[in-house]
Amino acid sequence: MDIFERIQKDEGGPLGQYRKRAHGYFMFPKLEGEIEPYMKFQGKEVLAWTFNNYLGLANHPEVRQTDAQAAAQWGLGYPMGARMMSGHTALHEQLERELADFEKKEDAYLFNFGYQGMISTIDALVNRHDIIVYDSEAHACIMDGVRLHLGQRIVYPHNNIEKCRKALERATRLTAETGGGILLITEGVYGMTGDLGILDEICALKKEFNFRILIDDAHGFGVMGAHGRGASEHYNVMDEVDLYFGAFAKAMAGIGGFVAGPKSVINYLRYNLRSQIYAKSLPMPMVAGLLKRLDMVRTMPELREKLWVVTRALQTGLRERGFDIGKAEACVTPVFMKGTVEEATGMLVDLRENHHIFCSVVVYPVVPRGVVMYRLIPTAMHELEHVQYTLDAFSQIQEKLQRGDYSHLDAIPDKAIE
């Protein structure tokens, strides 16, 4: 069969099957205006809980000024080329030095995109003799990196330390045969559910097994820990974590990421990361802007303090009202409800059209059948009155759900997708 013909007959896969009825409303929605708590969605003002902008830096006047000045000075194209060939600058080196110092590592290397950087880091670190051990709920970028591995990989159930120990026992036996090493990959903060990786328990296993740890802390960097150094600082295991991966798209409201660790390993990665060797480096305006953002993370703890005030108010309020938010310990706040896809449709339309609240919703196949998960992301931009308003709105839709008010809806109202 012709490839295009097969694609045209396909329903679109797990997500694409909803495209005809969901595009523009549930998927690929357009939020317009300044990046603030209130934005415009389909011409109406909504209270947005959907941005990875934890510290509110995306629209901070100091950040906007730095970004604008850098763009005016260098333009968006400079430097041209990949870092290895023609895209290397003193500012790139400065940002790497400051990131390494912030994370208390010997060296760091920048990624143009975090997702590609993680995939390429995994690919470069291991060979076919090595064994990868990883958490079952690891981010898609980790999963894609693991798929590239030509050797054996062992998955353990999410945050199950006993199963993790057994996985390491098995990996140790295998490496005795292959002559390779063991790379354990986990996350600092799990971005869908807001629970933390059990880094302290995993690091303690180093007393029993010989392995290296790579953590993806995209949602922890800049937010977790006394100084915002991430989940490893939160658990006081910064020295035990061998390689630290941080992303700029969350707390820093930017693009790209970095990996930090021993100088010898980082130098090896510089010359072996295919996603960086064969791709354009970060543009100068973003590098200059990230230096400013990192300085604000270091010198403005009040932003992080405000974020946690809002986060704790939201999570405490939801729990007190009987909502299931799982083990959320970081800022990402899931709200789990029982309902069908049709009921999820009705609830979300009600939230957006009548309560003017915009948040993300997740249904099967991402979560089990019968589960509806709302994902709220508090930020330092939000205020406590936004929290109170949202708690009241969720209580109202919960009451309607329990009464069965949403069960008769079998389609998205036409007005919602006009």
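Colleague: At what angle do helix α6 and helix α7 pack, and how far apart are their axes?

Modeller: Before the numbers, note that this is a predicted model, where local features need pLDDT of at least 70, side-chain atom pairs count only at pLDDT 80 or more, and totals for chains, interfaces and linings use all residues. Residues are numbered from 1 along each chain as its sequence is written, and side-chain values use heavy atoms, with hydrogens and water left out.

Modeller: Now the general idea: two packed helices are described by the angle between their axes and the distance between the axes. Here α6 (residues 114–125) and α7 (residues 140–147) pack at about 30°, with axes 8 Å apart. Helices are DSSP runs of H or I with at least four residues, strands are E runs of at least two, and both are numbered from the N terminus. The axes are lines fitted to C-alpha atoms, for helices over the stretch in contact, and angles run from 0 to 180 degrees between N-to-C directions.

Colleague: Which residues of α6 and α7 make the contact?

Modeller: With contact meaning heavy atoms within 4.5 Å, α6 gives Y115, M118, I119 and I122, while α7 gives A140, C141, I142, D144, G145 and V146. By class, they divide into eight nonpolar, one polar and one charged. In that scheme Ala, Val, Leu, Ile, Met, Phe, Trp, Tyr, Cys and Pro are nonpolar, Asp, Glu, Lys and Arg are charged, and the others, Gly among them, are polar.

Colleague: What about α4 and α13: at what angle do they pack?

Modeller: Helix α4 (residues 61–74) and helix α13 (residues 284–299) pack at about 155°, with their axes 8 Å apart. That angle makes α4 roughly antiparallel to α13. The labels go like this: under 35 degrees is roughly parallel, over 145 roughly antiparallel, 65 to 115 roughly perpendicular and the rest oblique. The crossing of α4 and α13 is right-handed; a crossing is right-handed if the near helix is turned clockwise from the far one by less than a right angle, and left-handed if anticlockwise. The contact includes W74 of α4 and M296 of α13, and its residues comprise eight nonpolar, two polar and four charged.

Colleague: And how do α14 and α16 pack?

Modeller: Helix α14 (residues 301–320) and helix α16 (residues 384–403) pack at about 20°, with axes 9 Å apart. That makes α14 roughly parallel to α16. Their contact is made by V309, V310, A313, L314, G317 and L318 of α14, plus L384, V387 and L391 of α16.

Colleague: On to holes. How many cavities of 30 Å³ or more are there?

Modeller: Rolling a probe the size of a water molecule over the atoms shows where empty space is left. On a 1 Å grid over the protein atoms alone, a cavity is a set of points where a 1.4 Å probe fits but cannot get out; a pocket is an open set with protein on both sides within 12 Å along at least five of seven lines, and lining residues have an atom within 4 Å of a point. Points are joined across faces, edges and corners, and a volume is the space filled by probe spheres set on them. The count here is two cavities. The largest cavity holds about 40 Å³ and is lined by R83, H92, L110, F111, N112, Q276, S281 and L282. The second largest cavity is about 30 Å³, with F41, Q42, K44, V46, R352 and E353 around it.

Colleague: How much space lies in the second largest pocket?

Modeller: About 330 Å³. Of its 16 lining residues, the closest to the centre are G181, I182, L183, F211 and R212.

Colleague: Last one: where does a cis peptide bond turn up?

Modeller: Most residues other than glycine have a negative phi, and most peptide bonds are trans. In this model, a cis bond joins Y78 and P79, with omega about 0°, and P79 lies in the loop between α4 and α5 (90–102). F28 has a positive phi, near 55°, in the loop between α3 (19–22) and β1 (31–32).
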